2 protein chains.
Amino acid sequence: MQLQRLATIEDVAGIAGVSIATVSRAIHEPAKVADATRRRVNDAIARTGYTTNAMARSLRMRRSNMILILAPDVGDPNFSNILVGLETEASKRGYGVLIGNTQNDATRETDYLRFISSSQATGLILLTGHLPFGLEQSSPLTRLPPMVAVNEPVPGDRVPFVGVDNFEGARIAAEHLISQGHRRVAFIGHSTSRMVAELRERGYRAALSDAGIAIDPMLILDGDGTTESGRQAAEHMFVRDVLPTAFLCVNDATALGVMIALNARGYDLPRQFSVMGFDDISYASFVTPSLTTMKQPRSKIGEEAMNLLLAVVEGRPVEQKQVLLRSELILRNSVARLGADDGDPSASRYRRSG
Amino acid sequence: MQLQRLATIEDVAGIAGVSIATVSRAIHEPAKVADATRRRVNDAIARTGYTTNAMARSLRMRRSNMILILAPDVGDPNFSNILVGLETEASKRGYGVLIGNTQNDATRETDYLRFISSSQATGLILLTGHLPFGLEQSSPLTRLPPMVAVNEPVPGDRVPFVGVDNFEGARIAAEHLISQGHRRVAFIGHSTSRMVAELRERGYRAALSDAGIAIDPMLILDGDGTTESGRQAAEHMFVRDVLPTAFLCVNDATALGVMIALNARGYDLPRQFSVMGFDDISYASFVTPSLTTMKQPRSKIGEEAMNLLLAVVEGRPVEQKQVLLRSELILRNSVARLGADDGDPSASRYRRSG
DNA sequence: TTTGTCGATGTAAAGGTTTTCATTGACTAT
DNA sequence: ATAGTCAATGAAAACCTTTACATCGACAAA
């Protein structure tokens, strides 16, 4: 069940009439071999269809060209675009990406570390927000394998981080709502996710404070980042009957839930309530009304992260241990100026946007 | 820039007081080594934290435990769930998955084949619908590496296939529309994708024929599978003024476009037009009205495909060269009985469904 | 001529496994 | 007692590279 035996460096050397050392050099350090010889070697390589055996190479060099990506949920639509960036950059530099779906399961995480410890993979991209189990208890002294955290930072300062500036993004979002005349702005948060949600909430608070608006604790609710929790949070507000004029949600999924709740109660959006999300997930533009949100440069995040990791892997000097990218305000139709009533709202619903 | 030297099999052998051969056997064929010895070896392994070096192992065995997945667009939301299935099954069997984003670029495809030819990867999952460039011109005689096509079959019968039964799925979809009283059912197809769209169109035709409904060529339009093309196709129908009562779309993205067009024209869905998609992409349930569609068992597809591939890779006998899974009819709110008018449609819009 | 330098190449070790084949010793059947 | 079988183990080859070190020859300087 295997292909015909592949040509080895020895076959090439035989045909070219040189030693295997020369072949290896002709490939990796062409300058060190005479022109004529190099030509003979190249011919031989072409004739045999030789490819260097990566296993042998990695074994000898004690380093593979493979990067392991650990993500809690590979099916998450947020993940796939980051993956594109990671893959693109890795491939460009001759590395392959190995993906590990951990489902936040400690066993699976430990399990995947074998790729690192067996030197099958050289570096690690973490989308988990924590050190993988099995490294977690390692003393602060132990040397960690090269790794970079993406999206969610790893507590402590041992792991370089690439992600979006959540504080700034949320502040911009909240400022946008305020600029549209809203002063009673609710925030639907995400208690289970540590850092990200917290930073976004802080951004929200900062914007309000800067605008001289007092924070109303009744307008701050926690969800768990899902659409359903967004729906519930909105319902909760109606039950308590403390209402905002705009909802800023910790992410688009939550915002979607809020919109569903508002729609179900028969409100006309965005005329009666404005809603903002964060992330710009793929269907943010397809819901009705289409969702105004902060766009994460996902592909870019992936590229930057892989860049940083490869620098560490290859021992190049790395300038900064933390890269914060800016998120972009995407204006769609779920936010309206407070009190404004622009004639025929239904006609504007499907107006296209970036 | 590397971890402290890892324990080798020799270290273990030394501590356990046996030869390296015995250690290897204790690990892979425990039955072949005496109980007492095995215990000593296991202790030594535990003490040293030994992990077998995958590079050395693969080199010796001439076979790695890595599967290469070639996909034209890793960012495609359809892909991510298949990936989950592929990864889960692979990981369960001790294999790793390597992902390659080809963007339908011949160079990138060829490039990725180096993982196969350098024996860094043992098998190939193709989501491309064709043999990767570089194998494409290989004569029918050349032995191909172990591979399985997913979602879209590879022309010819050289590559085993795992996917959904598109013909049957589309037939069920069309039958559903017919069962709701629709007799003028449009089909918005997808000319650029060969097999998949064609099979779905055939299923549509079969259902109509079986119901004794003549096929009206004016009701069959081609798109390119995108939301925008769905919108255009629907517009096109209004321009020609040959209207169906229901739209069956080759996929959900197209269906979404159709719904956008109909909404923009001010029609009330599903009262005035019914729309069906195919795939059940993640936001099918979030649009208004939520989309009735055929659900692809994506994760299951991934698992089956990986299963089949690993069988081939490991030389186990493989029963069938083609696995067709059934898609499932998901009833939501974009289809209504023809002529029916059920009181308060807005209230039912957000009724949950499977 | 002698010595030294330098560029081009070859030899051989090392990297860590798995596996074939040989060896050993215990035990069984004759 | 002898031959034969069998289970447990070890020695060494093979997998395919990269690279430190050695060699060789040409040429320059003395």
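These legends walk through a few close-up views of a predicted model.

**View 1. Where chain A meets chain B.** Start with the contact between the two chains, which draws 60 residues from chain A and 59 residues from chain B. The size of an interface is often given as the accessible area lost when the parts come together. Here, the area buried between chain B and chain A comes to about 5,300 Å², and carbon and sulfur atoms give 60% of that.

**View 2. Polar links across the interface.** Look along the boundary between chain B and chain A and you can pick out 14 residue pairs in polar contact. On the side of chain B that touches chain A, several elements give two or more residues, among them helix H5 (77–92), strand E2 (96–101), helix H6 (106–117) and helix H11 (298–313) of chain B. Sorted by kind, the residues on that side of chain B split into 27 nonpolar, 24 polar and 8 charged.

**View 3. A salt bridge between the chains.** Side chains of opposite charge can pair when their charged atoms come close. Between chain B and chain A the count is 2 salt bridges. One of them brings B:Arg108 together with A:Glu87, with 3.5 Å between the closest N and O atoms.

**View 4. Two strands, one from each chain.** Strand E2 (residues 96–101) of chain A pairs with E2(B), running antiparallel over 3 bridges. Zoom in on A:Leu98 and you'll find its bridge partner in E2(B), B:Leu98.

**View 5. A stretch of chain A with a UniProt label.** In an unreviewed entry, UniProt places the feature "domain: HTH lacI-type" at residues 7–61 of chain A. That span is 71% helix and 0% strand, and its end C-alpha atoms sit 20 Å apart.

View 6. Over all chains, the whole structure holds 34 salt bridges. In this one, the side chains of B:Asp210 and B:Arg171 meet, 3.4 Å from N to O. The pair ties together distant parts of the chain: B:Asp210 belongs to helix H8 (residues 195–210) of chain B and B:Arg171 to helix H7 (residues 166–179) of chain B, and they are 39 residues apart.

**View 7. Strand E5 and its parallel partners in chain B.** Strand E4 (residues 147–150) of chain B runs parallel to strand E5 (residues 161–164) of chain B, and 2 bridges join them. In this pairing, B:Ala149 has B:Phe161 as its bridge partner in E5(B). E5(B) also runs parallel to strand E11 (residues 322–325) of chain B, joined by 4 bridges.

How values were computed:
Residues numbered from 1 in each chain as written. Chains lettered and ligands numbered in written order. Predicted model: local features only at pLDDT ≥ 70, side-chain atom pairs only at ≥ 80, totals over all residues. Heavy atoms only, no water. Contact = heavy atoms within 4.5 Å. Buried area = accessible area lost by both parts, 1.4 Å probe. Salt bridge = Lys/Arg side-chain N within 4 Å of Asp/Glu carboxyl O. Polar contact = N/O pair within 3.5 Å; in protein donor to acceptor, adjacent residues only side chain to side chain. Nonpolar A, V, L, I, M, F, W, Y, C, P; charged D, E, K, R; others polar. Pairing = 2+ DSSP bridges. UniProt positions renumbered as here; feature names shortened; annotations may be inferred.
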